[in-house]
Amino acid sequence: MHPEEMSTVHTAITEESATDMQAKPATDHRQKKSALEQAGGVKGMVYSALPALTFVLANSARGLKFAIIASVALALALTVERLVRKEPLAPAFGGLFGVAIAAGIAWWTGSARDYFVIGIWASLAGAIVFIASVLVRKPLAGLIWNSATGKGDAWRADKYSRLYYDIATLVLAAIFAARFAVQQYLYQADEVGSLGVAKILMGYPLLAVGLLVVAWAVRASNKRLKAIGLLPAERG
């Protein structure tokens, strides 16, 4: 999985679970972030799409070497801009790292389509890891929640909570599996332009859908655990 996406998933689950686990006084009018905001918002989606879009356009106009230089330079500029604005470091450096690795592989092989190869196989790896975590009864959505909040393993003692997190984890697995299937087909067909489009459309927009399901799982599990006494109920 892309480092920036892993950071986004971790942050989203942390915020959902931490918010739901805390008692909220009546005077608290703060709104929880939407799935879109947790995925970086419109700005985050644009930032994640720009290097790939720049690579495809530059490759078509000026060739591979120019495309590599342009995409890395843009990713570096976007990272600096994020740091100046004091945004979280993990997404900023995760995005730059991903672009640098992709550009390095394309430079080494001399093939424009190889700019996308690491992301394609990372998607397959992500799908396998998510599915495996469900098969061993340790769904990653629940494990990340537990790690982020330090609330213990109460959810694992309740079959319904495990089911909620199984569903959320499998949805994330399906997203990464779909990315792999579509982009691997385009890679084999050497459709560089279509690969860029697929990478953008199947990136953060699809991840935002997955985070909606994760948010549902966190809330449903917390509600269930409070109802059966495995978590303390909220105070009025």
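Which residue has its charged end over the ring of Phe66? The residue is Arg62, whose charged end sits 4.5 Å from the centre of that ring. This is a predicted model. Its chain comes to ten helices and zero strands, and 44% of its 236 residues count as buried. The points below go from the overall fold to single residues.

**Overall fold**
- Along the sequence the pattern reads α-α-α-α-α-α-α-α-α-α.
- Taking contacts between residues at least 6 apart in sequence, 71% join residues at least 24 apart.

**Nonpolar cores**
- In soluble globular proteins, nonpolar side chains tend to be buried together.
- The largest nonpolar core in this model has 25 residues.
- Phe55, Leu64, Ile68, Tyr115, Phe116, Ile120 and Leu195 are the residues with the most contacts inside this largest core.
- Two or more residues of this core come from each of H3, H4, H5, H6, H8 and helix H9 (192–201).
- Another core, of 23 residues, lies apart from it and has Trp145, Tyr204, Val214 and Leu225 among its members.

**Aromatic pairs and the surroundings of Phe55**
- The count of aromatic pairs comes to seven.
- One of them joins Phe55 and Tyr115, which are stacked with 3.9 Å from centre to centre and 10° between the planes.
- Phe55 lies in helix H3 (residues 41–62), while Tyr115 lies in the loop between helix H5 (89–109) and helix H6 (117–135), so this pair ties together parts that are 60 residues apart in sequence.
- Both Phe55 and Tyr115 are buried.
- Ring pairs also bring in Phe116, which makes a cluster with Phe55 and Tyr115.
- Leaving out residues up to four places away in sequence, Phe55 touches Leu64, Ala67, Ile68, Ser71, Ala112, Tyr115 and Phe116.

**Helix H4**
- Helix H4 (residues 64–84) has 21 residues, which should span 30 Å at 1.5 Å a residue; the end C-alpha atoms are 30 Å apart, in agreement with this.
- Its buried residues are Leu64, Ala67, Ile68, Ala70, Ser71, Ala75, Leu78, Thr79 and Arg82.
- An α-helix has 3.6 residues a turn, so residues three or four places apart point the same way.
- Just after H4, Lys86 has a positive phi of about 60°.

**Helix H8**
- Helix H8 (residues 159–188) has 30 residues and reaches 42 Å from its first C-alpha to its last, close to the 44 Å expected at 1.5 Å a residue.
- Asp190, which follows H8, has a positive phi near 60°.
- Ser161 is found in helix H8 and counts as buried, at 0% relative accessibility.
- Beyond its neighbours within four places in sequence, Ser161 is in contact with Trp155, Ser221, Arg224 and Leu225.
- Ser161 and Gly142 are 19 residues apart along the chain, and their C-alpha atoms are separated by 8.7 Å.
- Gln184 is also placed in helix H8, and this residue is buried with a relative accessible area of 14%.
- Not counting residues up to four places away in sequence, Gln184 touches Ile120, Trp121 and Arg179.
- Arg179 in turn lies over the face of Phe176, at 4.8 Å from the ring centre.

**Salt bridges**
- Side chains of opposite charge can pair when their charged atoms come close.
- The count of salt bridges in this model comes to two.
- One is between the side chains of Arg85 and Glu81, at 2.2 Å from N to O.
- Arg85 is exposed, with a relative accessible area of 54%, whereas Glu81 is partly exposed at 21% relative accessibility.
- Asp158 forms a salt bridge with Arg224, and the closest N and O atoms of this pair are 3.0 Å apart.
- This pair links distant parts of the chain, with Asp158 in the loop between helix H7 (140–149) and H8, and Arg224 in helix H10 (residues 204–227), 66 residues apart.
- Asp158 counts as buried at 4% relative accessibility, whereas Arg224 is partly exposed, with a relative accessible area of 28%.

Key:
Residues are numbered from 1 along each chain as its sequence is written. This is a predicted model: local features need pLDDT of at least 70, side-chain atom pairs count only at pLDDT 80 or more; totals for chains, interfaces and linings use all residues. Side-chain values use heavy atoms; hydrogens and water are left out. Rings of Phe, Tyr and Trp (its six-membered ring) pair if their centres lie within 6.5 Å; planes under 30 degrees apart count as stacked, over 60 as edge-to-face and the rest as tilted. Helices (H or I, at least four residues) and strands (E, at least two) are DSSP runs, numbered from the N terminus. Buried means under 20% relative accessible area, exposed over 50%, partly exposed in between (1.4 Å probe, protein chains only). A charge sits over a ring if NZ of Lys or CZ of Arg is within 6 Å of the ring centre and within 35 degrees of the ring normal. The expected span of a helix is 1.5 Å times one less than its number of residues. A salt bridge is a side-chain nitrogen of Lys or Arg within 4 Å of a carboxyl oxygen of Asp or Glu. Contact means heavy atoms within 4.5 Å. A nonpolar core is a set of buried Ala, Val, Leu, Ile, Met, Phe, Trp, Tyr and Cys residues joined through side-chain atoms within 4.5 Å.
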